[in-house]
Every structure is written in C-alpha cells, then in structure tokens.
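Trainee: Could we go through this model together? I would like to begin with the charged pairs and then move on to other topics.

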Amino acid sequence: MKKQLFVMAVFMATCVVAMAQSASKGKVLPKTKVKQENKVSAKNTTSIRVYGKGDQLLNVGIGIGSPFFGSGYAASLPVNPSVSFEKGITDEISVGGQLAYASSKYDLNTAGANYSFKQNAFYIGARGSYHFNELLELAPKFDVYGGASLGYVIASVSNSEGFNGATGSGIGFGLFAGGKYYLSNHTALFAELGYQSLGLLNVGVAFKL
C-alpha cells in the first residue's frame, strides 16, 4: 500500500511540474510589439503570483497512509485530518506550523476471546518550505515546494479490558515535497508527499489569506 501511494504521489508531482513548465513555455508572443507585450505580461504575472514574501498560506487537508501505526491496525478514521499554516519570510522561503490527528484500532478475535486495542495520535509541530517557482520558471498558477518539519507526537492507548493511558509519545521529524494548483488568486488544490506529521500523503485545499 505504501509503495502504491509513493508511486502515485511521485507521478502526480511529475505531472504538476511538467504541466507548469509546458504552460510557461507554450505561449508564443507575436513578432510585433514584443517589448510592450513583455512588459504587460510581466505586470500580469506579478499580479497573479502564487507565492511571495508576506503571503499567509493555510492548508486544510487529509492524510493517507499513516506510518505511525503497525501492521494489522485498521483506521478508526478513514483519513487523518491535518491543518498547516505558513507565512512567507522571503520570496522563496515560508515558515509556520502544523496540526494533525490519527486514530487506529487492532481487533483480535479468537475462539473464546475477543480483544480490541485502540491508539490515538495528535501531532503539533513547526515546518518550513522552499518554493521553486522562480528557479523552475513555472507558470503563475503553480507552486512547487519542498521542506522539513519538526514536532511532537502525543499518543494514547486504550483497550477492551479498561486500560487507558499515554504511551509512545515522542519527537517527530519529517521531510516533504509538495505542489499547489491555484484555481483562483486565493484558492488552490495541493498534494504533499513525505514522512511528516501522521500521513505519507496529504491532499486538500489551500487558501491564501
């Protein structure tokens, strides 16, 4: 399952970059008035720029393929909800924080014995991203980035025999690569692949505040 998610996400990221580069290079300007149209084009590109210094970015999504739980566990929730926020401190770098939640359970049914075990995890952390838009000369609607996260996982467990307590909490470090496609100046679809928070693949909707 994890290999399938990884292959799917790599394919999605490759398509995003290819589409962005194709869109940015596919337009051919007329031979006449080239200089004037270049100036107009530059102004329009600046006005719809998807990322820059001072931007406030909010991602609301779901995580798929949690690496936090072991083999044999089934998800209590079909997906892991997450939210992240970043602010641009330069035209290439943004920093912020992230929250995520995941829940899974383990059921053991044998002759004369039924046992269930449930585990919850809550993640809170900081993250930073580098945006490759200018470096890759992408079309204005695309934002491609990569980054790192550092946070803390708070885990708790309970079972059918009445036990309830905290266990397995610890520091979580991750790396990720992601991309956004802007539907408008303030709304985009995003996908992020990497070992971060509580999901290997995070997808959702992004907002520029």
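**Salt bridges and their surroundings**

Mentor: This is a predicted model, and the count for it comes to 3 salt bridges.

Trainee: Which residue forms a salt bridge with E86?

Mentor: The partner of E86 is R127, and their closest N and O atoms are 2.5 Å apart. R127 lies in strand β5 (residues 113-131) and E86 in strand β3 (residues 80-88), so the pair ties together parts that are 41 residues apart in sequence.

Trainee: Are R127 and E86 buried or exposed?

Mentor: R127 is buried, with a relative accessible area of 3%. E86 is buried as well, at 4%.

Trainee: And what does E192 pair with?

Mentor: E192 forms a salt bridge with R127, with 2.9 Å between the closest N and O atoms. This pair links distant parts of the chain, since E192 sits in strand β9 (residues 187-196) and R127 in strand β5, 65 residues apart. E192 has a relative accessible area of 2%, which is under the 20% cut-off, so E192 counts as buried.

Trainee: Which residues are linked in a network, then?

Mentor: The network of salt bridges consists of E86, R127 and E192.

Trainee: What does K208 meet in a salt bridge?

Mentor: The side chain of K208 meets that of D55, at 3.9 Å from N to O. K208 belongs to strand β10 (residues 199-208), whereas D55 is in the loop between α2 (34-47) and β1 (56-64); the two are 153 residues apart. K208 counts as buried at 12% relative accessibility, and D55 is buried at 16%.

Trainee: Why can such side chains pair at all?

Mentor: Side chains of opposite charge can do so when their charged atoms come close.

Trainee: Changing topic: how many helices and strands does the chain have?

Mentor: The secondary structure comes to 3 helices and 10 strands. From the N terminus on, the order is α-α-β-β-β-β-β-α-β-β-β-β-β.

Trainee: What percentage of the residues is buried?

Mentor: Buried residues make up 34% of the 209 residues in the chain. The chain exposes about 12100 Å², of which carbon and sulfur atoms supply 64%.

Trainee: And what about contacts between residues at least 24 apart?

Mentor: Among contacts between residues at least 6 apart in sequence, 61% join residues at least 24 apart.

Trainee: Let us take a single residue. Where does L58 lie?

Mentor: L58 lies in strand β1 and counts as partly exposed, at 23% relative accessibility. Leaving aside neighbours within four places in sequence, L58 is in contact with V83, S84, F85, V205, A206, F207 and L209. The C-alpha atoms of L58 and Q98 are separated by 9.8 Å, and these residues are 40 apart along the chain.

Trainee: Which residues line the largest cavity?

Mentor: The lining consists of N59, S82, V83, S84, Q98, R127, F190, E192 and N202. By type, this lining divides into 2 nonpolar, 5 polar and 2 charged residues.

Trainee: Which element gives the largest share of that lining?

Mentor: Strand β3 does, with 3 residues. β3 and β9 each supply at least two residues of the lining. R127 and E192, which form a salt bridge with each other, are among the lining residues.

Terms used: Residues numbered from 1 in each chain as written. Predicted model: local features only at pLDDT ≥ 70, side-chain atom pairs only at ≥ 80, totals over all residues. Heavy atoms only, no water. Salt bridge = Lys/Arg side-chain N within 4 Å of Asp/Glu carboxyl O. Helix = DSSP H or I, 4+ residues; strand = E, 2+ residues; numbered from the N terminus. Buried < 20%, exposed > 50% of the residue type's maximum accessible area, 1.4 Å probe, protein only. Contact = heavy atoms within 4.5 Å. Areas by Shrake-Rupley, 256 points an atom, 1.4 Å probe, with all protein chains shown as cover. 1 Å grid on protein atoms, 1.4 Å probe; cavity = no way out; pocket = protein on both sides within 12 Å on 5 of 7 lines; lining within 4 Å. Nonpolar A, V, L, I, M, F, W, Y, C, P; charged D, E, K, R; others polar.
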